[in-house]
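Hi,

Here is the structure I promised to pass along. Have a look at it first, and then read on for what turned up.

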Amino acid sequence: SIQGLTGVSGNLLTKQGQVSQLTGSESFTYALDAAKNLVEANKIAEANVSQKTMDFMTGENDNVVDLMVAQSKSGILLQYTLQVRNGLLSAYKEIMNLTV
């Protein structure tokens with residue numbers, strides 16, 4: 001599950017249902033903060049994978065399963081972040097196309 005990924009807080013996931021109750025500027029600020037948090041979580045996950053890969057290559061750790069799990073988590077987190085980005089871009093384009 002997404003909650004098991006390193007760097008993704010439960011707070012981010014529980015507030016998702018509350019976005020409809022926020023005003024326009026608050027919900028946009030929340031969305032941007034959530035996107036920033038996901039980018040930071042991606043950096044942490046990628047650093048973790050890099051460290052585990054280096055440990056495996058140098059022989060400090062011979063647990064290939066741990067390395068594969070870290071790679072999978074990082075990949076899933078990246079895909080999730082890309083989907084959030086696509087959603088934000090879609091919302092931005094839709095807002096820009098509105099006539100006032």
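This is a predicted model: local features need pLDDT of at least 70, side-chain atom pairs count only at pLDDT 80 or more; totals for chains, interfaces and linings use all residues.

To start with a question: does Val 69 count as buried, partly exposed or exposed, and at what relative accessibility? Val 69 sits in helix α3, and it counts as partly exposed because its relative accessibility is 41%.

Mean pLDDT for the protein is 80, with 75% of the residues at 70 or more. Confidence is highest in helix α3, residues 64-96, where the mean is 91. At the other end of the scale is helix α1, residues 10-14, which has the lowest mean, 49. Residues 1-7 stay under 50 throughout. The model does give that stretch 14 contacts beyond four places in sequence, but I'd read them with the pLDDT in mind.

**The overall layout**

The secondary structure is quickly told: three helices and zero strands, in the order α-α-α from the N terminus. Of the 100 residues, 19% are buried. The protein exposes about 7200 Å², and carbon and sulfur atoms supply 58% of that area. If you take the contacts between residues at least 6 apart in sequence, 57% of them join residues at least 24 apart.

**The nonpolar patch**

Back to Val 69. Together with Met 54, Phe 56, Met 57, Val 64, Val 65 and Met 68, Val 69 forms a nonpolar patch on the surface. The accessible area of these residues together is about 650 Å². Helices α2 (24-58) and α3 each supply at least two of the residues, and the largest share, four residues, comes from α3.

With a relative accessible area of 34%, Phe 56 is partly exposed. Not counting residues up to four places away in sequence, Phe 56 touches Asn 61, Asp 62, Val 64 and Leu 67.

**Salt bridges**

How many salt bridges does a search of the whole structure find? The count is two.

One joins the side chains of Asp 66 and Lys 52, at 2.8 Å from N to O. Asp 66 lies in helix α3 and Lys 52 in helix α2, so this pair ties together parts that are 14 residues apart in sequence. Asp 66 itself counts as partly exposed, at 28% relative accessibility.

The other is between the side chains of Glu 40 and Lys 43, at 3.5 Å from N to O. Here both partners are in helix α2, and because they are three residues apart, about one helical turn separates them. Glu 40 counts as partly exposed at 42% relative accessibility, whereas Lys 43 counts as exposed at 51%.

Is Asn 42 buried or exposed? Its relative accessibility is 14%, so Asn 42 counts as buried.

What does Asn 42 contact, once its neighbours within four places in sequence are left aside? Ser 74, Leu 77, Leu 78 and Thr 81 make up the list. A polar atom of the Asn 42 side chain lies 3.4 Å from the backbone nitrogen of Leu 78. The side chains of Asn 42 and Thr 81, for their part, are joined by a polar contact of 2.7 Å.

Thr 81 belongs to helix α3, and with a relative accessible area of 12%, Thr 81 is buried as well. Leaving aside its neighbours within four places in sequence, Thr 81 is in contact with Leu 38 and Asn 42. The 2.7 Å polar contact therefore has a buried residue at either end, Asn 42 at 14% and Thr 81 at 12%.

That's everything I have for now. Over to you!

Cheers

Methods. Residues are numbered from 1 along each chain as its sequence is written. Side-chain values use heavy atoms; hydrogens and water are left out. pLDDT is the predictor's confidence in each residue, from 0 to 100. Contact means heavy atoms within 4.5 Å. Patches are made of residues with over 30% relative accessible area and no salt bridge: like charges are joined within 9 Å, nonpolar side chains (Val, Leu, Ile, Met, Phe, Trp, Tyr) within 5 Å. Accessible areas come from the Shrake-Rupley method with a 1.4 Å probe; for residues, only the protein chains shown count as cover. A salt bridge is a side-chain nitrogen of Lys or Arg within 4 Å of a carboxyl oxygen of Asp or Glu. Buried means under 20% relative accessible area, exposed over 50%, partly exposed in between (1.4 Å probe, protein chains only). A polar contact is a pair of N or O atoms within 3.5 Å; within protein, one must be able to donate a hydrogen and the other to accept it, and residues adjacent in sequence count only if both atoms are side-chain atoms.
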